Amino acid sequence: MTEKTIYESMAERGVSRRDFLKLATLVTAALGLEYARFPEIVHAMETKPRLPVIWLEFQDCAGCTESLTRSHDPYLTKLLFNDISVDYHETLFAAAGVQAEENKEKIMDEYEGQFVLVVEGSIPTKDNGVYCTIGGRSALDLLEEAAAKAMAVVAVGTCSSFGGLPHASPNPTGAVGVHELVTDKPLINIPGCPPIPEVITNTIAHVVLLGIPELDALGRPKAFYGQTVHDRCPRRPFYERGQFAESYDDDGAKAGWCLYKLGCKGPTTYSACATIKWNEGVSFPVQANHPCLGCTEPDFWDGGGFYKSLAAPPGAEETSWAEKGMAFAGGAALALGSALYAKNVKKNAAKEFKAQKEKEAEK
Amino acid sequence: MDADQRISQYYLQHTDGWLLAQLDACTRCGICAEACPFYLGTGDAVHTPVRKIEPLRQAVQEKFSLVGLARSLFKKHHPAADELSNWVSEAYFACTVCNRCSLACPMGIDLGVLIQLTREGLAAGGLTPPTLADAVQRQKNTGSPLGVTKTLFENRLDWLREEENVEIPLDVPGADSLVVFTSIELIKFPGNLSAMAKVLNAAGEPWTLSSTGRESVNFATFSGDTEEQVEFVRRITEAALELGVQRIILTECGHAYDAVRRIAVQLYGMPLPFQVENVLETIVRLLRNGKIRLNRNVFDGQRITYHDACKLQRLGGLIEQPREILNLVAPTTFVEMTPNREAQWCCGGGGGVIASPEADEIRMKAFLPKVEQLEKITPNTVVTACSTCRLQFLDGSKYYDLDIDVRGITELVAAALETDTPKGA
Amino acid sequence: MNLEFARGPLFQFALIVFIVGMTYRFLRIIFLGWKKDYAPAKGSAAAGVVKTYAKALIILPFLPPKFPGTRHRPLTYIAGGMFHLGLLIVVFFGAAHVEAWRSIVGFGWPSLPTPIVDGFAAMALIGMVILVSYRMVSPVGKMLTGVGDWLNWIVVFIPLLTGWAAFHHLFGVNYTKLFTLHMVTVDILLIWIPFSRISHFMTYFITRTMHGIKFGRLGVEP
């Protein structure tokens, strides 16, 4: 909340220079940067002020926050909560009510153009956004106000990135992701349902220290969303050999075979789940014998079904036998019509032919 | 009405599910070309069998396919009038309707029947080649495409009886069989008649010729004139009914067997009032019943091969009969050509091709696969059961300087007849 | 064009068009009917049918051309066989496709190991390249090939290639893009089939059966 730099605020707390450098090393590594960039991190922490972070939640389940608080990386978490000031968080804050809201307004005004806005949850747009209101104001309104004043916006979770669960068919609230409403500010998407905690902390730290990281076409940091789960999956050799589990408790599943036939969306899902994994690198869904849901991708709820293979076209699933029967009947009707038309053509040809022959015979 | 319209209408009239399926199934793979002696002999892709049915395909496509209907909005009538002479040439001079392409087609398309249908359409448009058209007229008026009138026929028989010292009954009511020759045999290969007479007389089977049903060649089959085709068959069947015979025996002619069998059923329904037999079947029947016996050594020292006439084998199923005969009569001297039986190469003269002077050059080229076959086994005699094939082989062996004899199977059998054994033994 | 659209509504549309079109094409032939063959039979029609299918589907695709008429260029025959067999194995026994069939017809069956299916896919692709070369180089091929035939080749080749490339993540192209391309081209193929000569896989069974019946009745080897 001051213009003190990160280093200064650390030093104030009694962190020695040595410890600071150690932390900077670990931060560099945690950010996935090569060691040559270590001086950059030191310099950033020495010169950049502690930036405020405003964390807004809209149509969410708070799962992304829950994930964040399970981060096993003490360094980044410490960095985030001690040395970067999270100045508004609906779930984590004890404060509530009018004062909390007023405080938020104050921070946003004081640090206009300097704070990082983090958004969790989708924003309903239908009926003037009445389906999510905080303190009497719609999410639509709140986002517009906050984003206008922010330096950059980070959408944490698939809901704020792409609309997530509320956006799934039939989308009764008209839920959308942040990118559809905020177009004039740097925007980073950190999708996932929830995202991996280290991915969240890493990205926010990167924004604060080094600016916006390299993003892919969907606005996701390439460092964590540059490869698919399939690309790094430990079960990949089974895929290549064509050894697939056919059901959850068959011999193949027990032997750890590929879950492609059981609906794994790994090949189309860009995420770091197979490398960073969850719960301090213990495991991730596929390793636990459950197919990847594809939760970092837009519309993963509507992608045909979690337990339907990628190869099974939803278009076929949705065509009922009645519809197939009707198509068959339609074809038959067309064939009948065509045959009748053909018979007519034949009859006319025969008639003309005969008439011509008779004419010639008379001649 | 113009020729192209008449032709198109003929094809449309005859479009049924069968035709649509046949035309639909073609994937334009071109394997049919590999089976056609005209393509292989000339090396010219225009003689690909599936191309010979182009006018038929175009007419049907124009009216019965979405693409055709759309195209007909812009382009005029198919088949195009200026291409007709081309199609006539392909269908009548570059094809014998041998049906070899039908067996090669991976889709099982009956190309032979389609080409025949193509000819019928062209004939309906008045585009039959003049030589064939003249022959049909002659057959209509005189009873034979060569102009062999009743009088000529009877005179020729008289001459033959004297020359060969053989009994040839004519117009005998109540005989078992009515034998119908071709006028080509009568004029060019009279040995066939005397040979047949010798065999049947030796077998003791009552038989007769008929002065009204005296022609088994059916030039309307070649030209595609369907009405005349029926009429020419009717002359034979009515003679058979009039004489009250049990069976009609057709002699060495390729197309007659199929034409008479098929059209007789159309005229009289099933069961037929008489059997229809080809001379090959006759000889086998007589052999199996012990009515005739053959000398197994007559042809020792020779090298005999058999040419399967296309219409007899692919359209008639008469494949094993000649072999039964030849294995009996030339057990050590009979060699097969390769390929043989239903895969046998067409000689290139059938289907009326030999009758059209326009086709003289190309049919010698179509004979080339045959030359290759013969050079591989170097026979000194080729035996066949079709007079057109016989003529083509004679022309071809002269053209290519091949030193081979060409004989009909009936003559061979007659030459091997054991005449001193009691009948029925 | 995104993956969900190509697998979803577009696929459904293509499937419906395919069913309508193939039914139309097949029943039109049946409804137009045909004349009976009245000539007396000398052999068994049924035997002819059995023999012709045995030769055409089971024996011949795996042996050099039986019919000596194709001695001059067995390449077309063999390349055609390679393509068809490869395609059938890939489409019916490739792991991904078995799942697709499960969606379409409601049940699945065991798939073949991926390396085996790969071999057949390669065979099919090579067969197709040979066949298109034949159409470009041979005089008979050149004469017979029209616009429709080139389009047919493209419409079949691209799904085959993109499907294989997608499954094996080839060419360094993004998987989702390849998969989308595969689905879109498959949709195009499904719509194209009833209106083109590719529907010969249905008419085949009509003409082949007719062929077997005709020659069976004649007593000639079909």
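Hi everyone, and thanks for coming. One thing to say at the start: what you see is a predicted model, and every value I mention is computed from it.

Let's begin with chain B. Its domain assignment gives domain 1, running over 3–127, then domain 2 over 134–288, and domain 3 over 293–418. Please keep those three in mind, as two of them come back soon. The centres of domain 2 and domain 3 of chain B, taken over C-alpha atoms, are 22 Å apart. In the contact between them, domain 2 of chain B puts in 28 residues and domain 3 of chain B puts in 29.

So what sits between these two domains of chain B? The largest cavity does, because both domain 2 and domain 3 give residues to its lining. Its volume is about 190 Å³. In total 23 residues line this cavity, and nearest its centre you find Gly254(B), Lys311(B), Gly350(B), Cys386(B) and Thr388(B). Three helices of chain B, namely H17 (254–268), H19 (310–313) and H23 (387–399), each supply at least two lining residues. Which helix gives the most to that lining? That is H23(B), with 3 residues.

The model has 9 cavities of 30 Å³ or more by the rule used here, and I'd like to show you one other. The second largest cavity holds about 160 Å³ of space. Its lining is made of 18 residues, with Cys26(B), Thr27(B), Val50(B), Cys105(B) and Ile109(B) nearest the centre. Helix H2 (17–25) and helix H10 (111–124) of chain B are the elements that give two or more residues to this lining. By class, the second largest cavity is lined by 13 nonpolar, 3 polar and 2 charged residues.

Take Leu19(B) as an example. Leaving out residues up to four places away in sequence, Leu19(B) touches Tyr11(B), His14(B), Leu56(B), Val60(B), Leu114(B) and Leu117(B).

From chain B, the elements giving two or more lining residues are H2, H10, H15 (219–223), H16 (226–243) and H17, and they are joined by helix H10 (200–218) of chain C. The biggest share comes from H10(C), with 9 residues. The lining of this pocket divides into 20 nonpolar, 16 polar and 13 charged residues.

How many helices and strands does chain C have? The count is 10 helices and 0 strands. Its C-alpha atoms fill a box of roughly 65 × 40 × 40 Å along the principal axes. Of its 222 residues, 51% count as buried. And among contacts in chain C between residues at least 6 apart in sequence, 71% join residues at least 24 apart.

Technical notes:
Residues numbered from 1 in each chain as written. Chains lettered and ligands numbered in written order. Predicted model: local features only at pLDDT ≥ 70, side-chain atom pairs only at ≥ 80, totals over all residues. Heavy atoms only, no water. Contact = heavy atoms within 4.5 Å. 1 Å grid on protein atoms, 1.4 Å probe; cavity = no way out; pocket = protein on both sides within 12 Å on 5 of 7 lines; lining within 4 Å. Points joined across faces, edges and corners; volume = space filled by probe spheres on them. Helix = DSSP H or I, 4+ residues; strand = E, 2+ residues; numbered from the N terminus. Domains from an automatic or database assignment. Nonpolar A, V, L, I, M, F, W, Y, C, P; charged D, E, K, R; others polar. Buried < 20%, exposed > 50% of the residue type's maximum accessible area, 1.4 Å probe, protein only.
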